[in-house]
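Here is a friendly briefing to read alongside the sequence and the 3D view. Please keep both open as you go.

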Amino acid sequence: MSERCRILIVYYSRTGTTRRDAELLASGLDADIEPIRERGGPQPRNGARGFVRSLMDALCHRHAEVMPALLDVAAYDLVVVGAPVWARGACAPARAWLELHGPQVRRLALFCCEGAFGGKEALKQMSEAAGKVPLATCVFTGSDLYRCKDGVKRDAFAQKIRSRMAARREMEWLV
Ligand SMILES: Cc1cc2nc3c(=O)[nH]c(=O)nc-3n(C[C@H](O)[C@H](O)[C@H](O)COP(=O)(O)O)c2cc1C
């Protein structure tokens, strides 16, 4: 029971908001962290052209090409995936990563960063892409950031993850 739970945080971030939450979560949960990398590098999503391309990818449900994870996803007890909301849904690179690595994920938790709306649908799409029901989810909004409430949400999310992982491990010990 005292064995440390191995957690991996994986995130996609175009402008840094999701990266910040992912990094703070990783330090709070003592987790490893890895960004989702698209084939061809991050440049194609920079600036106004990158915004339009990202929007079209999301609206047309276009597939993004992502690189396989560098870390061994299957070696972790829990993988937490974070992504920004695009066009009221999950961003294309996160969907692609979850489709690629979902089968290797033992337990999944999800979070997303939205301006104001679409987080619930994004989480649903991410869960479907992975083919797994998440054990905990969280939506960070622009207003959370603006009002400095994201820290409280992040702590609650981390706490939920810890207690649900502890409960699952206890169950596994009993059977
Ligand atoms: C192409 C695109 C579409 C977006 N669509 C939405 C949306 O539907 N709803 C929303 O609340 N925010 C939307 N946003 C805003 C981002 O979800 C939000 O700014 C997020 O925090 C960005 O995270 P990042 O900095 O990690 O990329 C969109 C951003 C982009 C680039």
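**A loop aspartate to start with**

Asp 77 sits in the loop that joins α2 and β3; helices (H or I, at least four residues) and strands (E, at least two) are DSSP runs, numbered from the N terminus. This is a predicted model, in which local features need pLDDT of at least 70 and side-chain atom pairs count only at pLDDT 80 or more, while totals for chains, interfaces and linings use all residues. Residues are numbered from 1 along each chain as its sequence is written, and side-chain values use heavy atoms, with hydrogens and water left out.

- Asp 77 is buried, at a relative accessible area of 10%; buried means under 20% relative accessible area, exposed over 50% and partly exposed in between, with a 1.4 Å probe and protein chains only.
- A polar atom of the Asp 77 side chain is 2.6 Å from the backbone nitrogen of Arg 6.
- That pair is a polar contact, a term for N or O atoms within 3.5 Å; within protein, one must be able to donate a hydrogen and the other to accept it, and residues adjacent in sequence count only if both atoms are side-chain atoms.

**The ligand and its surroundings**

- There are 19 residues around the ligand, and those that come nearest are Ser 13, Thr 15, Thr 18, Val 85 and Ala 116; a residue is near a molecule if one of its heavy atoms lies within 4 Å of it.
- The shell around the ligand has nine nonpolar, seven polar and three charged residues. Here Ala, Val, Leu, Ile, Met, Phe, Trp, Tyr, Cys and Pro count as nonpolar, Asp, Glu, Lys and Arg as charged, and the others, Gly among them, as polar.
- A nitrogen atom of the ligand lies 2.8 Å from a backbone N or O atom of Phe 117.
- On its own the ligand exposes 650 Å², and the protein buries 85% of that; accessible areas come from the Shrake-Rupley method with a 1.4 Å probe.
- Two or more residues of the shell around the ligand come from each of α1 (17-29), α2 (47-59), β3 (78-86) and β5 (108-114).

**Two residues with positive phi**

- Ala 87 is not a glycine, yet its phi is positive, near 50°.
- Ala 87 belongs to the loop between β3 and β4 (89-90), and is partly exposed at 37% relative accessibility.
- Cys 148, also not a glycine, has a positive phi of about 55°.
- Cys 148 lies in the loop between α5 (142-146) and α6 (150-174), and counts as exposed at 64% relative accessibility.

**Strands and separations**

- Ile 9 is part of strand β1 (residues 7-11) and is buried, with 0% relative accessibility.
- Ile 9 and Pro 35 are 26 residues apart along the chain, with 8.3 Å between their C-alpha atoms.
- Asp 32 is in strand β2 (residues 32-35) and is partly exposed, with a relative accessible area of 30%.
- From C-alpha to C-alpha, Asp 32 and Leu 8 are 4.8 Å apart in space, and 24 residues apart in sequence.
- Gly 28 belongs to helix α1 and is partly exposed, with a relative accessible area of 42%.
- Gly 28 and Gly 118 are 90 residues apart in sequence, and 26 Å separates their C-alpha atoms.
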